[in-house]
Amino acid sequence: MRSALPLFASKCLAAATLALALVPAAHSRAYPDHAVTVVVPYPPGGAADIFGRAIAHAMEPGLKQTVLVENRPGAGGNVGMAHVARSAADGYTLGLGTIGTQSINQFLYASMSFDPAQDLVPIALVSTTPNVLAVRTQSPYKTLADVIEAAKARKDKKLTYASPGVGSSVHLTGAYFEAVAGIELLHVPFKGTSASLPAVAGGQVDLLFDNLPGALAQIQDGSRVRGIAITSLQRDPSVPNLPTFDEAGLPGFDVTAWFALYAPRGTPEPVVRALIDAARSGLQAPDLARQFAGMGARPGTLFGAELAAFEQGEREKWGGLIKQRGIAAK
């Protein structure tokens, strides 16, 4: 009987050791076992907030978990995305990067607390949308040609244009418009669409550049602002009567804003794959496509390495414009 006890104890110890060894693997398979948070690095109410909440909701079925949204605005989106870059690389804190945070800000700011290419893992392109040029409803400017003509005639007192902030894709759309049209405008930055749109509607600023989703409801209503043209090469079904800049006299003009999902660098590959799969499934849902179409946007179709390559091309495009125009964050 005594000789059997050491053998029994040895078997128990081996079983316990095996069970402990399997704990990390079981935990990995269980991802996610609690709520995931998507950080939106801009204030509530704008296009980034809209798309952040849309992708959060769309990923819940694939992840089988609640996906929360947290707004962390500041420094053109840098505050929120730096927080994501510094977060634990476990798949529970994600960030909604934009054309600004991922392709523009590094050329605007003298110093950055994170490197968008090195400190974040691309998950999914969430959406693309054109920007739009609008004026107050009572404005004398009816067409893009009217705006260009007025800008050339008012060199002593420049036409002003509002944007949601210095260095935003909207601001750079205005700068690109100046360069292509051969005009000079005066940029008036605001903190978000909720401030820039009322300034144009009230007549304090002449022109509004904005992401189409941020101004769409007001443009469709027409009582406060009136659309002039959109910046993509194709018209958008949500505003079918608005011409493109290309159609309106600036051949080849094409600017598209975009929003994408990222995880901190070092996130385990199985977790990255789970996030990509959940995002891909959510973005392919017909309901989401209809929702985005109603906002003047389209679901993204780039994931992982494809998104990283797309970003690099965007950095080359906007970095050159920023240097040429001497634009810097203040």
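# Close-up views of the predicted model

A75 is partly exposed, with a relative accessible area of 39% (buried means under 20% relative accessible area, exposed over 50%, and partly exposed in between, with a 1.4 Å probe and protein chains only). The structure is a predicted model, in which local features need pLDDT of at least 70 and side-chain atom pairs count only at pLDDT 80 or more, while totals for chains, interfaces and linings use all residues. Residues are numbered from 1 along each chain as its sequence is written, and side-chain values use heavy atoms, with hydrogens and water left out. The loop that holds A75 runs between β2 and α3 (78–86); helices (H or I, at least four residues) and strands (E, at least two) are DSSP runs, numbered from the N terminus. Although A75 is a residue other than glycine, its phi is positive, near 55 degrees.

**K64 in the loop between α2 and β2.** This view shows K64, which is placed between helix α2 and strand β2 (67–71). K64 is not a glycine, yet its phi is positive, at about 55 degrees. K64 counts as exposed because its relative accessibility is 69%.

**The cis peptide bond between Y31 and P32.** Y31 and P32 are joined by a cis peptide bond, with omega at about -10 degrees. P32 belongs to the loop that links α1 (4–29) to β1 (36–40).

**Packing of helices α2 and α11.** Two packed helices are described by the angle between their axes and the distance between the axes. Helix α2 (residues 47–63) packs against helix α11 (residues 286–294) at an angle of about 170 degrees, and their axes lie 11 Å apart (axes are lines fitted to C-alpha atoms, for helices over the stretch in contact, and angles run from 0 to 180 degrees between N-to-C directions). The helices α2 and α11 are therefore roughly antiparallel to each other (angles under 35 degrees count as roughly parallel, over 145 as roughly antiparallel, 65 to 115 as roughly perpendicular and the rest as oblique). On the α2 side the contact is made by F51, A54 and A58, and on the α11 side by L288, Q291 and F292 (contact means heavy atoms within 4.5 Å).

S163 is a residue of strand β5, which covers residues 160–163. With a relative accessible area of 0%, S163 is buried. When neighbours within four places in sequence are left aside, the contacts of S163 are S168, V170, H171, H187, V188, P189, F190, S196 and F209.

**A110 in the loop between α5 and β4.** The loop from α5 (105–108) to β4 (120–136) contains A110. A110 is exposed, with a relative accessible area of 89%. F190, one of the residues in contact with S163, is 80 residues from A110 in sequence, and the two C-alpha atoms are 21 Å apart.

**D254 in the loop between β8 and β9.** D254 is placed in the loop that connects β8 (225–230) with β9 (256–264). This residue counts as partly exposed because its relative accessibility is 28%. Beyond its neighbours within four places in sequence, D254 is in contact with Y176, T231, S232, L233 and K317. L233 is 21 residues from D254 along the chain, and the C-alpha atoms of the pair are separated by 5.5 Å.

G304 sits in the loop between β10 (298–299) and α12 (305–325). G304 is buried, its relative accessible area being 12%. Its contacts, leaving aside neighbours within four places in sequence, are P122, I123 and I276. From G304 to V271 the separation is 33 residues in sequence and 12 Å between C-alpha atoms.

**The protein as a whole, for orientation.** The secondary structure comprises 12 helices and 10 strands. Taken along the principal axes, the C-alpha atoms fill a box of roughly 105 × 40 × 30 Å. The protein has 330 residues, of which 48% count as buried. Contacts between residues at least 6 apart in sequence join residues at least 24 apart in 77% of cases. The accessible surface is about 15,000 Å², and carbon and sulfur atoms account for 56% of this area (areas come from the Shrake-Rupley method with a 1.4 Å probe; for residues, only the protein chains shown count as cover). There are 28 positive and 26 negative side chains, and the centres of the two sets are 4 Å apart (Lys and Arg count as positive and Asp and Glu as negative, with His and the chain ends not counted; the place of a charge is NZ of Lys, CZ of Arg, CG of Asp or CD of Glu).
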